[in-house]
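Here are my notes on the chain you sent.

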Amino acid sequence: MTDSVIISPQVSWEELKLSKPLSLGVMASGKGSNFIAVADAIAQGKLNAKIQVVIYNKPQAKVKEKAAEFGIPTVFCNHRDYATREEFDQVLVETLKAHQVDWVIMAGWMRVVTPVLINAFPDHIINIHPSLLPSFKGINGVESALNAGVKIAGCTVHLVRPEVDSGPILIQAAVPVLEGDTPETLHQRIQPQEHHILPIAIALAAQRS
Ligand code: GAR
């Protein structure tokens, strides 16, 4: 069924060449497969960038070990240590700036971010979400789509704005929902598309900035 995946816009890495390397900071809460997709695109010479730091907010997040395998520094920022989202975001800003980050990539970052972070990197924060936005915002995007009975699901990469899962869309991939799909099987089919479009979206955003 991968033949029926639709990705828009369709661009080649040839068209996405960047003259200057991007300085990326990745924020992730989970297993880090999207982080790996970005790191692989860099290692393969497709995306002209360097990941300066990976910030994770859950002690068991697998992304920590994955980043170490790429030799990328990791920083654990525990949101539970801060009274407000704003205080937590201020620590994120300081950590990202200390690592000379220009572009922030939310690669499975399961926290709502505030203007404290957003205004520190205007139009330079990118999020990946497992639905065809603006449908099915928030956590459990895949499950919500399935519960709504959609026949086409997918993923979106967009610039971050204060409203959750909003902001200018950079690229989307549409994936068919199959008979008998569970949130897990559908997510498993969406994820390879996430891995494909996230590095492309970073280059697209950089080209447009
Ligand atoms: C991805 O599917 C991403 O779209 C989702 O978390 C997963 C992280 O996977 N993000 C959200 O739901 C944000 N609202 P990963 O840890 O394997 O990259």
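**Notes on the fold, the sheet and the annotated site**

1. Gly45 comes after helix H1 and has a positive phi, near 75°. The model is a predicted one, and this applies to every point below.

2. Overall make-up. The chain contains six helices and eight strands. Along the sequence they follow the pattern β-β-α-β-α-β-α-β-α-β-α-β-β-α. The C-alpha atoms fill a box of roughly 45 × 40 × 30 Å along the principal axes. Among contacts between residues at least 6 apart in sequence, 66% join residues at least 24 apart.

3. UniProt lists "domain: Formyl transferase N-terminal" for residues 26-201, in an unreviewed entry. In the model, the end C-alpha atoms of residues 26-201 lie 14 Å apart. That span is 35% helix and 22% strand.

4. The sheet. Eight strands form an open sheet with mixed pairing, in the order E1-E8-E7-E6-E5-E2-E3-E4. Strand E1 (6-8) and strand E4 (74-76) are the edge strands, each pairing on one side only. On average, neighbouring strands of the sheet are turned by 15° against each other, direction ignored.

5. Pairing around E5. Strand E2 (residues 22-28) and strand E5 (residues 103-106) run parallel and are joined by four bridges. Leu24 has Trp103 as its bridge partner in E5, and Val26 stands opposite Ile105. E5 also pairs with E6 in the parallel sense, over three bridges. There, Val104 has Ile125 of E6 as its bridge partner.

6. The two faces of E5. In a regular strand, side chains alternate between the two faces of the sheet.

7. Helix H3 (residues 85-98) lies across E2, E3, E4 and E5, at about 150° to E3.

8. The buried side of H1. The buried residues of H1 are Ser33, Asn34, Phe35, Ala37, Val38, Ala39 and Ala41. Their cover includes E2, E3, helix H2 (63-69), E6 and H6.

9. Nonpolar cores. The largest nonpolar core has 48 residues, and Leu24 and Ile126 have the most contacts inside it. Helix H6 (residues 183-208) gives the most to this core, with 11 residues. A second, separate core has 19 residues, including Val93, Leu96, Trp109 and Val113.

10. Leu24. What does Leu24 touch beyond its neighbours within four places in sequence? Its contacts include Val38, Ile42 and Leu47, as well as Ile51 and Val53. Among the others are Val101, Trp103, Ile105 and Ile202.

11. Phe121. This residue is in the loop between helix H4 (115-118) and E6. Is Phe121 buried or exposed? Phe121 counts as buried because its relative accessibility is 4%, and the cut-off for buried is under 20%. Not counting residues up to four places away in sequence, Phe121 touches Leu96, Lys97, Val101, Asp102 and Val104. Phe121 and Phe35 are 86 residues apart in sequence, and their C-alpha atoms are 19 Å apart in space.

12. The annotated site. UniProt places the feature "active site" at His129, again in an unreviewed entry. His129 is in strand E6 (residues 125-129). At 4% relative accessibility, His129 counts as buried. Not counting residues up to four places away in sequence, His129 touches Phe136, Lys137, Gly138, Gly141, Cys155, Thr156, Asp165 and Glu194.

Terms used: Residues are numbered from 1 along each chain as its sequence is written. This is a predicted model: local features need pLDDT of at least 70, side-chain atom pairs count only at pLDDT 80 or more; totals for chains, interfaces and linings use all residues. Side-chain values use heavy atoms; hydrogens and water are left out. A nonpolar core is a set of buried Ala, Val, Leu, Ile, Met, Phe, Trp, Tyr and Cys residues joined through side-chain atoms within 4.5 Å. Buried means under 20% relative accessible area, exposed over 50%, partly exposed in between (1.4 Å probe, protein chains only). Contact means heavy atoms within 4.5 Å. UniProt positions are given in the numbering used here, feature names are shortened, and annotations may be inferred rather than shown by experiment. Two strands pair if DSSP finds at least two bridges between them. Axes are lines fitted to C-alpha atoms, for helices over the stretch in contact, and angles run from 0 to 180 degrees between N-to-C directions.
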